[in-house]
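Here is a short briefing to read alongside the model.

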Amino acid sequence: ISLDTDPDWPGWIILDSICAAIFLAEVVVKSFVLTPSEYFFGRDRVWNLFDVGLSLVAVTEIILSVLFASEGAQTRAALALR
């Protein structure tokens, strides 16, 4: 099952939202466990910043998908971000 099979299925936004929430939860939990200074400036800072970037892209995709929720526009916005 993919976006190519049924691009206008409303479940895609729900599935994307779940994935974005998981990414965002990982960033929040890791920053609390490691402390923000260790998370952003520690040994694994590059990977942590990569996680933050992925989370921001995922959340941005959800916001754009909701804003462009007209027929077919959701698909174009999702494909533009990928």
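Predicted model: local features only at pLDDT ≥ 70, side-chain atom pairs only at ≥ 80, totals over all residues.

Residues are numbered from 1 along each chain as its sequence is written, and side-chain values use heavy atoms, with hydrogens and water left out.

**The overall fold**

- The protein has four helices and zero strands; helices (H or I, at least four residues) and strands (E, at least two) are DSSP runs, numbered from the N terminus.
- Read from the N terminus, the order of elements is α-α-α-α.
- Of its 82 residues, 29% count as buried; buried means under 20% relative accessible area, exposed over 50%, and partly exposed in between (1.4 Å probe, protein chains only).
- Among contacts with a separation of 6 or more, 51% join residues 24 or more positions apart; contact means heavy atoms within 4.5 Å.

**Helices α1 and α3**

- Helix α1 covers residues 11-34 and helix α3 covers residues 45-67; they pack at an angle of about 150°, with their axes 9 Å apart.
- Those axes are lines fitted to C-alpha atoms, for helices over the stretch in contact, and angles run from 0 to 180 degrees between N-to-C directions.
- The two helices, α1 and α3, are therefore roughly antiparallel; angles over 145 degrees count as roughly antiparallel, under 35 as roughly parallel, 65 to 115 as roughly perpendicular and the rest as oblique.
- On the α1 side, the contact is made by I13, D16, S17, A20, F23, L24, E26, V27 and K30.
- On the α3 side, the contact is made by N48, D51, V52, S55, A58, V59, E61, I62, S65 and V66.
- Sorted by class, the contact of α1 with α3 has ten nonpolar, four polar and five charged residues; Ala, Val, Leu, Ile, Met, Phe, Trp, Tyr, Cys and Pro count as nonpolar, Asp, Glu, Lys and Arg as charged, and the others, Gly among them, as polar.

**A closer look at S55**

- S55 lies in helix α3 and is buried, with a relative accessible area of 3%.
- Leaving aside neighbours within four places in sequence, S55 is in contact with F23, L24 and V27.
- A polar atom of the S55 side chain lies 3.3 Å from the backbone oxygen of F23.

- C19 is found in helix α1 and counts as partly exposed, at 36% relative accessibility.
- The C-alpha atoms of C19 and S55 are separated by 9.2 Å, although the residues are 36 apart along the chain.
- I22 also has its place in helix α1, and it counts as exposed at 55% relative accessibility.
- Between I22 and S55, 33 residues apart along the chain, the C-alpha atoms are separated by 8.8 Å.

**A loop residue, T35**

- T35 lies in the loop between α1 and α2 (36-41), and at 37% relative accessibility it counts as partly exposed.
- Phi of T35 is near 70°, a positive value in a residue other than glycine.
- Most residues other than glycine have a negative phi.

Note on methods: Polar contact = N/O pair within 3.5 Å; in protein donor to acceptor, adjacent residues only side chain to side chain.
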